[in-house]
Amino acid sequence: MSLTLSCRRRAGEEPQRLRVVGDEQALRLAPDYVDAHFNLAMALLKLGRPAEARHELQMVLRLPPGDGEARRILASLHETNPAAPPGR
């Protein structure tokens, strides 16, 4: 990978990293905040961290109301890594 491509990739990841930090802070203040769990999961997926994203999506499904979009994404994660436990 060229240095330029590597720098561009890291620069593209920076907004996602900031989202992760912001959502984690929001969840420390309000652990049942469904939108923060979902947004955190999406940022983690974009950063290539599917195991952590899976955990957040499972949290979304445990909190009312169970989110259909989270269920769909969790199912697709299970398809790409069937060894991991599926969502509810």
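Modeller: Start with Arg54, which is buried at a relative accessible area of 7%. Buried means under 20% relative accessible area, exposed over 50%, and partly exposed in between, with a 1.4 Å probe and protein chains only. This is a predicted model, where local features need pLDDT of at least 70, side-chain atom pairs count only at pLDDT 80 or more, and totals for chains, interfaces and linings use all residues. Residues are numbered from 1 along each chain as its sequence is written, and side-chain values use heavy atoms, leaving out hydrogens and water.

Biologist: In which helix is the place of Arg54?

Modeller: Helices are DSSP runs (H or I, at least four residues), strands likewise (E, at least two), and both are numbered from the N terminus. On that count, Arg54 belongs to helix 3.

Biologist: How many helices and strands are there in the protein chain?

Modeller: From the N terminus on, the elements run α-α-α-α. The totals are 4 helices and 0 strands.

Biologist: What share of the residues in the protein chain is buried?

Modeller: The protein chain has 88 residues. The buried share of them is 32%.

Biologist: Which residues of helix 3 and helix 4 make the contact?

Modeller: Contact means heavy atoms within 4.5 Å. Helix 3 brings Pro50, Arg54, Leu57, Gln58, Val60 and Leu61. Helix 4 answers with Ala70, Arg71, Ile73, Leu74, Leu77 and His78.

Biologist: How many residues in the contact of helix 3 with helix 4 are nonpolar?

Modeller: Ala, Val, Leu, Ile, Met, Phe, Trp, Tyr, Cys and Pro count as nonpolar, Asp, Glu, Lys and Arg as charged, and the others, Gly among them, as polar. The contact has 2 polar and 2 charged residues. Its nonpolar residues number 8.

Biologist: How many salt bridges does the count come to?

Modeller: Side chains of opposite charge can pair when their charged atoms come close. A salt bridge is a side-chain nitrogen of Lys or Arg within 4 Å of a carboxyl oxygen of Asp or Glu. By this rule the count is 3.

Biologist: How far apart are the closest N and O atoms of Arg17 and Glu14?

Modeller: Both residues lie in helix 1 (residues 3-29), 3 residues apart, about one turn of the helix. Arg17 is partly exposed at 37%, and so is Glu14 at 38%. The closest N and O atoms of this salt bridge are separated by 3.9 Å.

Biologist: With which residue does Glu52 form a salt bridge?

Modeller: Glu52 is partly exposed, at 37% relative accessibility. The closest N and O atoms are 2.7 Å apart, and the partner is Arg49.

Biologist: What is the N to O distance between Glu69 and Arg72?

Modeller: The two are 3 residues apart in helix 4, so about one helical turn separates them. Glu69 is partly exposed, at 35%. Their salt bridge has an N to O distance of 2.7 Å.

Biologist: Which residues does Gln16 touch?

Modeller: Gln16 sits in helix 1. Gln16 is buried, with a relative accessible area of 10%. Not counting residues up to four places away in sequence, Gln16 touches Ala43, Lys46 and Leu47.
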